[in-house]
2 protein chains.
Amino acid sequence: MHNTVIVRYGELALKGLNRGSFEQQLVLNIKDCLKKNHIEFSAVKKVRGRIMVYSADDCKCLENVFGIVSISPALETEAGMETIKQEALKHYTAGTFRISTQRIDKGISGSLDMNREIGQYVVDNSGAKVSLKSPDVDIGVELFNKKAYVFNRTIKGPGGLPIGVTGTVAVLIEDQNAIKAAVMMMKRGCRIILVKKVPIDTKELEKYAYGFRIKEANDIPEEAEAVVTSETLETLQKRDYSIPVLRPLIGE
Amino acid sequence: MHNTVIVRYGELALKGLNRGSFEQQLVLNIKDCLKKNHIEFSAVKKVRGRIMVYSADDCKCLENVFGIVSISPALETEAGMETIKQEALKHYTAGTFRISTQRIDKGISGSLDMNREIGQYVVDNSGAKVSLKSPDVDIGVELFNKKAYVFNRTIKGPGGLPIGVTGTVAVLIEDQNAIKAAVMMMKRGCRIILVKKVPIDTKELEKYAYGFRIKEANDIPEEAEAVVTSETLETLQKRDYSIPVLRPLIGE
C-alpha cells in the first residue's frame with residue numbers, strides 16, 4: 001500500500017543553525033538508522049522541506065532519529081485528481097474518515113476544494129461517513145515535487161536536532177540521571193563520549209545513536225567541547241574544567 | 001460563598017529537599033504575595049499536607065507563587081453529612097455536575113459512598129443530572145483537620161519550588177532569553193540577583209518575586225552561589241568564574 005515514507009522535520013528547530021547542514025546531517029542519520037536496523041531502501045532524498053525514503057518497509061525505526069517530527073508511510077503517485085481519488089479510496093479502512101490535503105506545490109485546486117471532492121468520491125464509493133473532528137481514519141494527501149502522496153498513518157518522531165549538528169560533548173556517568181542528561185544532549189544535536197565514573201548500564205543510549213558511534217573514554221577527551229553532568233540544583237558542585245560544564249537537568 | 005482558600009503543593013516537588021523548609025518558605029511567600037497584592041487575610045496555616053488561607057478574597061494572585069500546584073476558594077464547615085450535603089447543593093450552579101470527595105481524615109464513610117449520597121441529595125433538590133466524565137460543575141469535598149471543605153473551582157498554580165529553598169544566583173542579563181532563564185531558576189526555588197549587561201526590561205520577573213526582593217548588581221555579588229546565563233548550545237561560550245555556571249536554556 002506504500003512505496004515511500006515521508007519524513008517531516010521541524011522548521012522551528014532550525015533557529016540559529018544552518019538549514020543546509022541540518023538537512024544534510026538528518027539524511028545521513030536516517031540512512032545510518034535504516035542500515036543499522038537492516039531495512040532495505042533504494043534512496044533517501046531531500047525534496048522541498050521533506051525527506052523521502054524510498055522503501056517498502058514502514059521504517060518505524062525512524063521514530064528514534066532526533067530531528068524528525070513525524071513520518072508517514074505513503075503511496076507516491078502522479079498528481080492527477082482521478083488517481084488521487086482512487087488511491088484515497090484504497091486508503092479508507094473502516095469507520096468515519098476525513099481527507100486532509102496539503103499542497104506544497106500549488107496548482108490543481110484549493111486544499112479545501114480538494115478535501116471536498118476527494119471526500120465525496122470516498123463517500124460515494126464506500127458509503128463511509130465523514131467526521132471532520134475525530135475521524136477513525138485520517139487520509140492525508142500531500143502534493144509536492146509534482147507528485148501526490150497518499151497515506152493514512154502518521155508516526156510521531158522525537159523532534160529535536162539531528163545528532164552531529166552541534167558538536168561533541170563528554171558525559172560524566174556519575175549516577176542513573178546521567179542517562180537522561182545524555183539523551184537530552186543527543187536530542188540537542190550532540191555526539192556524546194561517555195566518561196564512566198561509576199558502572200551504570202548505558203545501553204539505552206544506543207537506541208538514539210544514529211549518525212555516529214558512542215565512544216567511551218577514561219577522562220575528558222580533547223575533542224569534547226563541553227562536559228555534561230547530571231547535577232540538579234540540589235546536588236550542584238563546583239567543577240574545574242577548561243571547557244564549559246553543562247547541566248541539562250538543572251531545571252528539573 | 002467561601003471563607004478560606006485551600007492551597008495544594010506537590011509532594012513530588014519535595015525530592016531531595018527538607019519538607020519542613022519547603023512548607024515554611026511557601027507559607028512566607030504566600031503571605032508576601034497577599035500583602036503585595038493588598039489582599040486581606042486573617043491567617044495562613046499549614047494543615048495536614050495543605051496550606052489554608054483564611055480570606056474572603058479568592059486569592060487568584062497565588063497562581064504566580066512557585067511551589068503551588070493549585071488553589072480552591074472553599075467553604076470551611078463542620079464535617080457532618082447533613083451540612084456537607086446542603087453546602088454541596090449551594091455550590092451547584094448549572095448543567096451537569098459531579099461530586100469529588102477526598103478524605104484526608106478518615107471517618108464518616110468511604111469517598112465513593114459519600115459521592116453517591118451527596119450527589120443524590122443534589123439531584124433530589126435541584127433536578128440536576130450527574131456526569132462523571134465531563135461535568136459542567138465539579139463540586140469538590142475535602143475532609144481534613146476535622147473540618148469539611150466544599151468548593152467548585154480549582155485554579156492551577158505554577159508548580160516548582162518556593163523561591164528561597166535552593167539559594168541565590170546571579171543572572172546575567174545579556175539578551176531577551178535571560179528573562180526566560182531567570183524565570184526557570186526562580187521556579188527551581190532560587191532568589192535572583194540581576195547583573196544587567198545590556199538594557200533589557202526585567203519587569204516581568206516581578207510577577208513571581210514573592211518571598212524576596214529582586215536585587216540588581218553591577219558585577220557577580222559575593223552571595224551568589226552560581227552564575228546563570230541564557231546561552232543555548234548554539235551560543236555556548238567558555239566562562240571563567242569561581243562559582244558554577246548554569247545554563248538553564250541548554251536543552252531548548
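The lining of the largest pocket in this predicted model divides into 8 nonpolar and 8 charged residues, with no polar residues. In total, 16 residues line this pocket, and its volume is about 220 Å³. Residues of both chains lie nearest the centre of the pocket: A:Arg239 and A:Tyr241 from chain A, together with B:Arg239, B:Tyr241 and B:Val245 from chain B.

The two chains are related by a rotation of 179 degrees with a shift of 0.1 Å along the axis, which superposes chain A on chain B with an RMSD of 0.1 Å. This is the relation of a two-fold axis. The interface is consistent between the copies: 100% of the interface residues of chain A are also interface residues in chain B, so the copies meet through the same surface. The contact involves 24 residues of chain A and 24 residues of chain B.

The size of an interface is often expressed as the accessible area lost when the parts come together. Between chain A and chain B, about 1,900 Å² is buried, with 67% of this area on carbon and sulfur atoms. A:Arg188, A:Leu233 and A:Glu234 supply 27% of the area that chain A buries against chain B, more than any other three residues. On the side of chain A that touches chain B, the residues comprise 13 nonpolar, 5 polar and 6 charged.

With regard to specific interactions, 4 residue pairs are in polar contact between chain A and chain B, counting pairs with both residues at pLDDT 80 or more. Across the same interface, 0 salt bridges are found by the rule applied, although charged residues are present on the side of chain A that touches chain B.

Technical notes: Residues are numbered from 1 along each chain as its sequence is written. Chains are lettered from A and ligands numbered from 1 in the order in which they are written. This is a predicted model: local features need pLDDT of at least 70, side-chain atom pairs count only at pLDDT 80 or more; totals for chains, interfaces and linings use all residues. Side-chain values use heavy atoms; hydrogens and water are left out. Copies are superposed by least squares on the C-alpha atoms of residues with pLDDT of at least 70 in both. Contact means heavy atoms within 4.5 Å. Buried area is the accessible area (1.4 Å probe) that two parts lose on being put together, summed over both. A salt bridge is a side-chain nitrogen of Lys or Arg within 4 Å of a carboxyl oxygen of Asp or Glu. A polar contact is a pair of N or O atoms within 3.5 Å; within protein, one must be able to donate a hydrogen and the other to accept it, and residues adjacent in sequence count only if both atoms are side-chain atoms. Ala, Val, Leu, Ile, Met, Phe, Trp, Tyr, Cys and Pro count as nonpolar, Asp, Glu, Lys and Arg as charged, and the others, Gly among them, as polar. On a 1 Å grid over the protein atoms alone, a cavity is a set of points where a 1.4 Å probe fits but cannot get out, and a pocket is an open set with protein on both sides within 12 Å along at least five of seven lines; lining residues have an atom within 4 Å of a point. Grid points are joined across faces, edges and corners, and a volume is the space filled by probe spheres set on the points.
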